[in-house]
Protein chains: 2
Amino acid sequence: MKKDIIFDVIKNSPNSLTAEEIYNDVSQNINVNLSTVYRTLNNLVEKDLVTKVVRQDKIAYYELANNEHKHYLICDNCNNAYSTDMCDLDKIARKIKKETGFNITSHTLEFHGICPECLKNVK
Amino acid sequence: MKKDIIFDVIKNSPNSLTAEEIYNDVSQNINVNLSTVYRTLNNLVEKDLVTKVVRQDKIAYYELANNEHKHYLICDNCNNAYSTDMCDLDKIARKIKKETGFNITSHTLEFHGICPECLKNVK
DNA sequence: AAAAATACGCAAATCATTTGCGAGTACATT
DNA sequence: AATGTACTCGCAAATGATTTGCGTATTTTT
């Protein structure tokens, strides 16, 4: 079924994708409806197979729910997202937990700025 | 004009507000239209007087564009947002800048979990 | 006070995402 | 194979936060 194909697209993508991007990709091979893509994505997120992150542009991005935690550097100029695995947030999370009693289970982090490529072109 | 009243609401709020919350607040005193609130907010954001942050719930939250950097602990149970000023991200940002050349200008960080209050009630 | 610029209300538009419904398909049980 | 039950999908309409066009008021500038 189409769920597998949609999941494959996510699995094979090095970066996170929007529902529309997934839809376009899948549509090249088979017929699907956008709502099917959304339904499937929600399904995969529920099953913890896929992670959904809403960015400042208000669009949801989906990626493989992998163990290794990633964050994005989003260029305000070209709007590309570069991922980084640098994240010392667990330390901060522990500190917050200790000082506030808040039981933190997850976090999202988004950096904004200008990527090296754009920096070159702007100058 | 209404811009001042809207700005006052934001100034006097200890936490970030949605457009609707601001609208409700302002409406208690004067007549305004929701679109006026939105227009004014965009205006204030443009002038760097107000900061807009889109959260995972896809709703934009507005707060005074203040110098002191805050992040939110959002309870997945009661949906309240607790703010914290703990943020060692500048260190991480510098590291990323050095290693990737990405010129980071801002970031958003959102912690999710269960707040102490809800923890008590759930148990 | 007239002209030019803003502010505002109202209704309609937008856009990502969701949902109701009805039809198609798969799988299990007899 | 036949029946039942549960998904899977497509399609069109609905949602909900936010934006926009437009005409009218109100302010600011001259």
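How far is a phosphate oxygen of DNA strand D from an N or O atom in the side chain of N42(B)? The distance is 3.2 Å, inside the limit for a polar contact (a pair of N or O atoms within 3.5 Å; within protein, one must be able to donate a hydrogen and the other to accept it, and residues adjacent in sequence count only if both atoms are side-chain atoms).

## Ground rules

This is a predicted model, where local features need pLDDT of at least 70 and side-chain atom pairs count only at pLDDT 80 or more, while totals for chains, interfaces and linings use all residues. Residues are numbered from 1 along each chain as its sequence is written, chains are lettered from A and ligands numbered from 1 in the order in which they are written, and side-chain values use heavy atoms, leaving out hydrogens and water.

## DNA strand D

Let's stay with the phosphates. A phosphate oxygen of DNA strand D is 2.4 Å from an N or O atom in the side chain of T36(A), and one is 2.5 Å from a polar backbone atom of K2(A). Of the atoms of DNA strand D within 4 Å of the protein, 65% belong to sugar or phosphate and the rest to bases.

## Where the chains meet

Here 40 residues of chain B are in contact (heavy atoms within 4.5 Å) with 40 residues of chain A. Across this interface the rule finds seven residue pairs in polar contact, both at pLDDT 80 or more.

Definitions and conventions
Near = heavy atom within 4 Å.
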